[in-house]
Amino acid sequence: MRPLSELVRPNIWSLQPYSSARNEYNGKAASVFLDANENPYNHPYNRYPDPLQAELKAVLSQKKGVPAENIFLGNGSDEAIDLVYRCFTRPGVDNVVAIEPTYGMYKVCADVNDVAYRPVMLDDCYQLSAERLLSACDGNTKVIWLCSPNNPTGNHLLGEEIVKTLEAFDGIVVVDEAYADFSKRPSFRLVLGHFPNLIVLNTFSKAWGCAGIRLGMAYASKEIIEVFNKVKYPYNVNVLTQRHAIEALNNMEDIDRWVNLLLLERGVVMRAVQQLPCCRQVYPTDSNFFLARFDDAQGLYDYLVGQGIIVRNRSRVALCDNCLRITIGTKEENTALISALRTYCP
């Protein structure tokens, strides 16, 4: 890995971050707050939230096995994705490399930040090759994006190929594990100490059932987290989100139960779809969704919309011609889907 000072955008490395009122007295006992021009009434919503989410990070650290200093929290994983560009890439100069197909926000954020985006196609089994990824890099490649389990394909990327990429690339490697809670494979966040160039993303939106609170996590070296904290908005995670996240973390039995139910239902739905005459293939998945190829994905999609059932048509995505991405819902929702599919494909 190149020195962090060479990877971080020069203006970011020298940036003097905004110092919030709450940061300046941090660590000292206080009971009278006359520093931030807040309204003294309507407790507790009148006060700005903890800018570094110390209480939430302490609970998350215990649950996830990662020191609090190695955790960044943001407004969904998308904030962390955007920060990677803002911190490490120079507009109009640097580039990033990513697998294809994958989560669309990596390219959207590249375009927003005027950074060249170099997609490298997965193989027919939706697997990556570290050699092909690395061959797409040059001296101005700052970041490689990997999503595992991948979206929209649902499958884990080969762990040994991810490790090869981490060991050979001298820039930042981001492993997005938004769907990892549905998998039995150990998270890459547990090996942060071995790879100083690794950033692992996770979210409360999927297994945790908290998409509405908009909370994403990035796990990385203390030094990378410090760079993120320099650039993020001072109060990027509101007090309501922080409180609800702590409640969720203290009710892990609910999350475990939801995940087990979804995995059970996933098997039921996948088997039913595989048996449809109009289905060409159902792809393996490690997520709460799966990808399936049909004779006419657009026609089936339109039919399901007419039945009030919304899935995702991925036919315009590379390697996903005539594919629908189907999320696993409740037993009742899944039954309605299967019934509609059997009517369309008798």
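In the predicted model, Arg90, Asp94 and Lys142 are linked in a network of salt bridges. Asp94 has a relative accessibility of 1%, and because buried means under 20%, Asp94 counts as buried. Lys142 is buried as well, with a relative accessible area of 3%.

Salt bridges also occur elsewhere in the model, and the count comes to 12. In general terms, side chains of opposite charge can pair when their charged atoms come close. One of the bridges is formed by the side chains of Arg2 and Asp170, with an N to O distance of 3.4 Å. Here too the pair links distant parts of the chain: Arg2 is in the segment before α1 (4-7), and Asp170 is in the loop between α8 (159-168) and β5 (172-176), 168 residues apart. The relative accessible area of Arg2 is 18%, so Arg2 is buried. Asp170, at 33% relative accessibility, is partly exposed.

Another salt bridge brings together the side chains of Arg47 and Glu38, with N to O at 2.7 Å. Arg47 is partly exposed, at a relative accessible area of 23%. Glu38, in turn, counts as buried at 15% relative accessibility.

The axes of α5 and helix α9 (residues 222-231) are 10 Å apart, and the helices pack at an angle of about 95°. Angles of 65 to 115 degrees count as roughly perpendicular, and α5 and α9 are therefore roughly perpendicular to each other. On the α5 side, the contact is made by Ala80, Leu83, Val84, Arg86, Cys87 and Phe88, which meet Ile224, Val227, Phe228 and Val231 in α9. By class, this contact of α5 with α9 has nine nonpolar residues, no polar residues and one charged residue.

The second pair consists of α4 (54-64) and helix α10 (residues 239-249), whose axes come within 10 Å and cross at roughly 25°. Angles under 35 degrees count as roughly parallel, so α4 and α10 are roughly parallel to each other. The crossing in which α4 passes α10 is left-handed. Glu55, Leu56, Val59, Leu60 and Lys63 in α4 meet Gln242, Ala245, Ile246 and Leu249 in α10. The residues of this contact divide into six nonpolar, one polar and two charged.

Val66 is placed in the loop between α4 and β1 (71-74). The relative accessible area of Val66 is 2%, and Val66 is therefore buried. When residues up to four places away in sequence are not counted, Val66 touches Ser61, Ile71, Arg189, Leu192 and Tyr219. Tyr301 is 235 residues from Val66 along the chain, and the C-alpha atoms of these two residues are separated by 42 Å.

The backbone was also considered at particular positions. A cis peptide bond joins His43 and Pro44, with omega at about 5°. Pro44 lies in the loop between α3 (21-24) and α4. A cis peptide bond also joins Glu100 and Pro101, where omega is about 5°. Pro101 is located in the loop between β2 and α6 (105-112).

Positive phi values were found in residues other than glycine. Asp114 has a phi near 60°, a positive value in a residue other than glycine. This residue, Asp114, is found in the loop between α6 and β3 (116-121). For Asn322, phi is likewise positive, near 60°, and the residue is other than glycine. Asn322 lies in the loop between β10 (312-313) and β11 (323-327). At a relative accessible area of 15%, Asn322 is buried.

Definitions and conventions: Residues numbered from 1 in each chain as written. Predicted model: local features only at pLDDT ≥ 70, side-chain atom pairs only at ≥ 80, totals over all residues. Heavy atoms only, no water. Helix = DSSP H or I, 4+ residues; strand = E, 2+ residues; numbered from the N terminus. Buried < 20%, exposed > 50% of the residue type's maximum accessible area, 1.4 Å probe, protein only. Contact = heavy atoms within 4.5 Å. Axes fitted to C-alpha atoms, helices over the stretch in contact; angles between N-to-C directions. Parallel < 35°, antiparallel > 145°, perpendicular 65-115°, else oblique. Left-handed = near helix turned anticlockwise from the far one by under 90°. Nonpolar A, V, L, I, M, F, W, Y, C, P; charged D, E, K, R; others polar. Salt bridge = Lys/Arg side-chain N within 4 Å of Asp/Glu carboxyl O.
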